[in-house]
Every structure is written in structure tokens, then in C-alpha cells.
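This report walks through a single chain, moving from its strands to its aromatic rings and then to a few individual residues. Please keep the sequence and the model at hand while reading.

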Amino acid sequence: LFRGSVRGKELRIPGFEGVVFRFSRGKIKLRSLGKQPTVRVNNHPLIGDAALQDRTWIGARGKLFTFMLSPALAEGSAGAN
């Protein structure tokens with residue numbers, strides 16, 4: 001319930017309980033809330049915080065997620081003539 005922040009547990013994705021996403025001035029950071037890393041960012045343990053960019057890989061509990069700044073367009077849609 002903080003402006004510009006989303007706690008990982010609010011996403012209800014197993015493994016994201018110990019992180020928070022912070023949004024400010026066009027920047028997005030992922031911050032670890034604990035001393036022990038619970039996720040990996042681009043195959044590195046998240047210690048402290050990490051800047052997220054389009055297509056950053058986030059690993060949690062054996063699953064791999066791609067962070068995307070905007071939704072991918074389906075093939076053959078939006079502007080295809």
C-alpha cells in the first residue's frame with residue numbers, strides 16, 4: 001500500500017514474498033527484503049536491489065520469469081497489412 005511500490009507477496013507468485021518492486025521516474029528496481037536472497041536476477045542472487053530493464057530474467061523457486069516493460073504484440077496484429 002505504498003505509492004510506487006508493489007510487494008512481491010501481493011503478486012501471489014511463490015518465491016516473490018521476500019521482494020518489493022519500486023517504480024520511480026522511469027526506473028524500476030527490485031529490492032530484497034531479507035538477508036538471504038530468495039530470487040535471482042539474470043542468474044545472479046538478488047542481494048540489496050537490482051535495476052530491472054525490458055526482458056530481465058527473474059528466477060524464483062525453480063521457475064524463470066521474464067520482466068517486460070510492455071506487453072508483447074501477438075504475431076500478425078497491430079499494424080500488419
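## Strand pairing around β2

Two strands are taken to pair if DSSP finds at least two bridges between them. The model is predicted, and the pairings described here are computed from its atoms. Strand β1, residues 5-7, is joined to β2 by three bridges, and the two strands run antiparallel. Within this pairing, Val 6 stands opposite Phe 21 in β2.

On the β3 side, β2 and β3 pair in the antiparallel sense over six bridges, and Ser 24 stands opposite Lys 27 in β3. These two strands form a hairpin with two residues between them, and Arg 25, in the turn, has a positive phi of about 45 degrees.

## The four-stranded sheet

Another set of strands, four in number, forms an open sheet in the order β5-β4-β7-β8, with antiparallel pairing. Which strands stand at the edges of this sheet? They are β5 and β8, and because each has a single partner strand, one side of each is left without a neighbour in the sheet. The pairing of β4 with β5 is antiparallel and runs over two bridges; here Arg 40 has Pro 45, in β5, as its bridge partner.

Thr 56 belongs to strand β7, which covers residues 56-60. Is Thr 56 buried or exposed? With a relative accessible area of 5%, Thr 56 is buried, since the limit for a buried residue is under 20%. The side chain of Thr 56 reaches the backbone oxygen of Gln 53 at 2.8 Å. When residues up to four places away in sequence are not counted, Thr 56 touches Val 41, Asn 42, Phe 65, Thr 66 and Phe 67.

## Aromatic pairs

The count of aromatic pairs comes to three. In one of them, the rings of Phe 16 and Phe 65 have their centres 5.3 Å apart and their planes at 75 degrees, so this pair is edge-to-face. The pair links distant parts of the chain, for Phe 16 lies in the loop between α1 (8-11) and β2 (19-24), while Phe 65 lies in strand β8 (residues 63-67), 49 residues apart.

Taken together, ring pairs link Phe 16, Phe 21, Phe 65 and Phe 67 into a cluster.

Phe 21 deserves a separate look. The relative accessible area of Phe 21 is 6%, and the residues that Phe 21 touches, not counting those up to four places away in sequence, are Gly 4, Ser 5, Val 6, Leu 11, Phe 16, Lys 29, Leu 30, Leu 52, Ile 58 and Phe 67. Phe 21 and Arg 31 are ten residues apart in sequence, and their C-alpha atoms are 6.4 Å apart in space.

The largest nonpolar core has 13 residues, of which Phe 21, Leu 30, Val 39, Leu 52 and Ile 58 touch the most other members. Two or more residues of this core come from each of β2, β3 (27-32), β4 and β7. In soluble globular proteins, nonpolar side chains tend to be buried together.

## Loop residues with positive phi

Most residues other than glycine have a negative phi. Asn 43, although not a glycine, has a positive phi of about 70 degrees. Asn 43 lies in the loop between β4 (39-41) and β5 (44-45), and at 60% relative accessibility Asn 43 counts as exposed.

Arg 61 is likewise not a glycine, and its phi is positive at about 50 degrees. Arg 61 is found in the loop between β7 and β8, where Arg 61 is exposed, with a relative accessible area of 64%.

Conventions: Residues are numbered from 1 along each chain as its sequence is written. This is a predicted model: local features need pLDDT of at least 70, side-chain atom pairs count only at pLDDT 80 or more; totals for chains, interfaces and linings use all residues. Side-chain values use heavy atoms; hydrogens and water are left out. Buried means under 20% relative accessible area, exposed over 50%, partly exposed in between (1.4 Å probe, protein chains only). A polar contact is a pair of N or O atoms within 3.5 Å; within protein, one must be able to donate a hydrogen and the other to accept it, and residues adjacent in sequence count only if both atoms are side-chain atoms. Contact means heavy atoms within 4.5 Å. Rings of Phe, Tyr and Trp (its six-membered ring) pair if their centres lie within 6.5 Å; planes under 30 degrees apart count as stacked, over 60 as edge-to-face and the rest as tilted. A nonpolar core is a set of buried Ala, Val, Leu, Ile, Met, Phe, Trp, Tyr and Cys residues joined through side-chain atoms within 4.5 Å.
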